[in-house]
Structures are given as C-alpha cells and as structure tokens.
Amino acid sequence: MAQNWTAWIAGAMRMDEATWERHANPWSAWTRLPILPAIVVVLLLRDTLGVATWVLLMLPIIWVWLNPRAFSPPATLDAWVSRAVMGEKLWVERDRRPIPQAHAAMAQGLSLLQAPALVPLVWGIWAKDAPLALTATALVIAIKFWFLDRMVWLYDTRAATEDDAR
C-alpha cells in the first residue's frame, strides 16, 4: 500500500516514538493551537508589516517543528488532548497498524471536510478580507477539533483492546 500523506508529514517532521510521547504533553498540543491564526494574521497584515512579514511567518513555522520536542512526556495520557495526540499517532501509522474502518472513514471524511474551508481562508488572505479569513480559520480549527475528538475515540477504542495503545 502506498504511504499515506499523514505518514509522509510525520516522517518529514521526524516524529519518532519519543517525539510523539513528548507531543502528548497537553502543553505541546495546546500551544500549537495559535499557529494557524498567527500565520493568518501576519499574512493579513503583510502590507503593514513589510519585510517583517517574513520573519513573523518563520516564527510559527519553526514552532511547528520545535513544539513536539519542547515539552517532556506527560505523566499520564488521561488528558483529552493527550489521547487525541496518541490517536493521531495511530491514524498516521494506519498502514502498519490497521485501524477499524469506522475510525478511518470518520477521519478521512473530516480531512476532506477541511478542504472546502481552505478555499475561503486562502481567498480571504489574498483579498485581505479579515472577516472572511478569520471566520474560515475558525471553521478549519473547529473541524480540526472534531477530528481530534475522533482521534480520542480511536485511541480509547484501541486502548480498550490492547494493553498499551501507544
């Protein structure tokens, strides 16, 4: 089976076992939340910021890579967001460790649902239409939270059938 795009991204991010464990720290997961809004705001203000736009864009982009490595592993995986991250790890590894079809269908559907939300987001940024861009950003984030909720469901399902879902 061809490698899935999420596995390709995880590979590019060098997400090994230790990195996934650290990323399951709630601080890691929650401090990723402002990345998309920060990028959108910087791009909306590009005329005002001028050359500083490039520097301000690099900060959240660097944080994308640094973030999963910046925190220690959590003591437990009891937090909702910790289980979401570990469920996402299971989703990424689905070619090596198959997941139930119901979980795969839901995750694929939510991933596809995000695509149409990206159209007004990109248009809003290009047209410098802040209300449109920020509303689309909120929609993308809402769909991401729904996806993460389904990753908790995947993790909890796997944990119930295995001694250690990690």
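Helix α7 is mostly covered, with twelve of its 13 residues buried, where buried stands for a relative accessible area under 20%, exposed for over 50% and partly exposed for the range in between (1.4 Å probe, protein chains only). The model is a predicted one, in which local features need pLDDT of at least 70 and side-chain atom pairs count only at pLDDT 80 or more, while totals for chains, interfaces and linings use all residues. Residues are numbered from 1 along each chain as its sequence is written, and side-chain values use heavy atoms, with hydrogens and water left out.

The buried set of α7 comprises Val81, Ser82, Arg83, Ala84, Val85, Met86, Gly87, Glu88, Lys89, Leu90, Trp91 and Val92. Helices (H or I, at least four residues) and strands (E, at least two) are taken here as DSSP runs, numbered from the N terminus. From its first C-alpha to its last, α7 reaches 18 Å, close to the 18 Å expected at 1.5 Å a residue; the expected span is 1.5 Å times one less than the number of residues. Val85 has its place in this helix and counts as buried at 4% relative accessibility. Leaving aside neighbours within four places in sequence, Val85 is in contact with Trp20, His23, Ala24 and Ala29, contact meaning heavy atoms within 4.5 Å. Val85 and Val152 are 67 residues apart in sequence, yet their C-alpha atoms are 7.9 Å apart in space.

Turning to the whole chain, the protein has nine helices and zero strands, and from the N terminus on its elements run α-α-α-α-α-α-α-α-α. Of its 166 residues, 39% count as buried. Among contacts between residues at least 6 apart in sequence, 78% join residues at least 24 apart. The accessible surface comes to about 9,400 Å², of which 70% belongs to carbon and sulfur atoms; such areas come from the Shrake-Rupley method with a 1.4 Å probe, and for residues only the protein chains shown count as cover.

The structure holds six aromatic pairs, and one of them joins Trp80 and Phe145 in a stacked arrangement, 6.3 Å centre to centre with 15° between the planes. Trp80 lies in helix α7 (residues 80–92) and Phe145 in helix α9 (residues 130–161), so this pair ties together parts that are 65 residues apart in sequence. For these assignments, rings of Phe, Tyr and Trp (its six-membered ring) pair if their centres lie within 6.5 Å, with planes under 30 degrees apart counting as stacked, over 60 as edge-to-face and the rest as tilted. Trp80 is partly exposed, at a relative accessible area of 29%, and Phe145 is likewise partly exposed at 29%. Together with Trp30, Trp80 and Phe145 form one aromatic cluster.

Charged side chains also meet aromatic rings. The charged end of Arg94 sits over the ring of Trp91, 3.5 Å from its centre, and Arg69 lies over the face of Trp65, at 3.9 Å from the ring centre. The criterion is that NZ of Lys or CZ of Arg is within 6 Å of the ring centre and within 35 degrees of the ring normal.

Thr53, Leu57 and Pro60 are buried in α6. These three cover an arc of only 65° around the axis, which puts them on the same side of α6; the arc is that of the directions from the helix axis to the C-beta atoms. The buried residues of α6 pack against α4 (35–44) and α5 (46–49), whereas Trp54, Val55 and Leu59 are exposed on the other side.

Lys128 lies between α8 (101–126) and α9 and is partly exposed at 40% relative accessibility. Most residues other than glycine have a negative phi, but phi of Lys128 is near 55°, a positive value. Apart from neighbours within four places in sequence, Lys128 is in contact with Leu44, Arg46 and Asp47.
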